[in-house]
Amino acid sequence: MPIAAVVNVPGGEIAYEESGSGEALLLVSGLNGVGRYWKPQVELFSKYFRVITYDQRGTGGSDRIQREFSVDQMGEELVGLMDVLKIERAHLVGMSTGGAIGQTIAIEHPERLLKLVLCSTWTHCDPWFRRLFTARRDMYRQAGPDLHSQFHPLFLYSPDYVNTHDAEIEAERARAPTKSSPVEVSVARIEALMRFDRRAGLPKIRAETLVMGTGTDFITPSYFSKALAQSIPGAKLVLYDDGGHSFTTTRAESFNRDCLEFLRK
């Protein structure tokens with residue numbers, strides 16, 4: 001049976017869930033930070049691994065007391081969760097912000113990682129990234145989370161996915177994870193992403209790495225994936241033609257197959 005609990009880590013509390021057994025596999029979500037993002041993966045992946053999902057601090061069921069964030073801090077809170085769960089080493093699959101967290105842990109705590117999968121993530125805040133996330137930050141400040149939740153599917157998904165899953169997307173928007181976080185938390189998390197830059201440390205990564213992305217990613221265009229794969233020694237690159245930013249959802253079958261093949265071989 002899956003385990004769900006809230007545990008104390010340095011600085012606050014984290015809500016997490018785990019299922020399955022074997023080597024630990026951390027599934028790390030994007031900006032919204034909630035573990036339920038990985039619903040298309042957990043049941044299948046837990047047949048082979050001890051799967052851990054969690055709500056990053058400031059989101060979901062974790063504490064919302066923090067008002068200043070950095071990707072380094074997000075990485076340390078995940079290492080803290082590993083310590084509490086007595087996980088010495090784990091595979092890590094990071095989506096977007098989760099990929100930035102994965103880069104950070106691979107550089108700062110290489111002894112804690114087995115294999116690393118970086119999905120729809122970025123190297124640094126270039127002008128495209130800055131303009132997009134400045135607009136998203138200001139949307140939170142000026143209009144609040146409800147308007148942002150209306151745009152959210154347009155940021156994440158490809159048009160064909162929206163057209164065939166419209167009712168499902170609207171149901172999810174009604175309980176949008178963005179509404180679970182105070183505006184100042186969402187703003188501070190966005191600002192943390194805009195400060196992120198781990199380019200200098202990428203050649204030091206020693207974890208076997210798979211970089212994944214799509215040619216239709218509006219948030220983190222595929223040139224970021226290519227740059228990561230070129231900078232991380234021995235990294236493999238998988239680019240799908242389509243699927244948008246959240247291809248772990250829109251192309252779940254392909255992602256699950258390719259990700260598991262990499263993790264299990």
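Select Ser96 to begin: at 8% relative accessibility it counts as buried (under 20% relative accessible area is buried, over 50% exposed and in between partly exposed, with a 1.4 Å probe and protein chains only). Ser96 lies in the loop between β5 and α3 and has a positive phi of about 60 degrees although it is not a glycine. Helices (H or I, at least four residues) and strands (E, at least two) are DSSP runs, numbered from the N terminus.

The model is predicted: local features need pLDDT of at least 70 and side-chain atom pairs pLDDT 80 or more, while totals for chains, interfaces and linings use all residues. Residues are numbered from 1 along each chain as its sequence is written, and side-chain values use heavy atoms, leaving out hydrogens and water.

Next, select Lys86, in the loop between α2 and β5. Lys86 also has a positive phi, about 55 degrees, although it is not a glycine. At 76% relative accessibility, Lys86 counts as exposed.

Now show α2 (residues 71–84) and α3 (residues 97–108), whose axes come within 9 Å and cross at roughly 75 degrees. That makes α2 roughly perpendicular to α3 (65 to 115 degrees; under 35 is roughly parallel, over 145 roughly antiparallel and the rest oblique). Axes are lines fitted to C-alpha atoms, for helices over the stretch in contact, and angles run from 0 to 180 degrees between N-to-C directions. Where they meet, Val71, Asp72, Met74, Gly75, Leu78 and Val79 of α2 contact Thr97, Ala100, Ile101, Thr104 and Ile105 of α3 (heavy atoms within 4.5 Å).

Move to the sheet. Its 8 strands form an open sheet in the order β1-β2-β4-β3-β5-β6-β7-β8, with mixed pairing (two strands pair if DSSP finds at least two bridges between them). β1 (3–9) and β8 (236–240) stand at the edges, each with a single partner strand, so one side of each has no neighbour in the sheet. The twist averages 20 degrees from one strand to the next. Select β2 (residues 12–19) and β4 (residues 50–55): they run antiparallel, joined by 5 bridges. Ser19 has Val51 in β4 as its bridge partner.

Finish with Phe247 and Phe255. Their ring centres are 5.8 Å apart and their planes at 80 degrees, so the pair is edge-to-face (centres within 6.5 Å make a pair of Phe, Tyr or Trp rings, with the six-membered ring used for Trp; planes under 30 degrees apart are stacked, over 60 edge-to-face and the rest tilted). Phe247 is buried at 0% relative accessible area, and Phe255 is buried at 0%.
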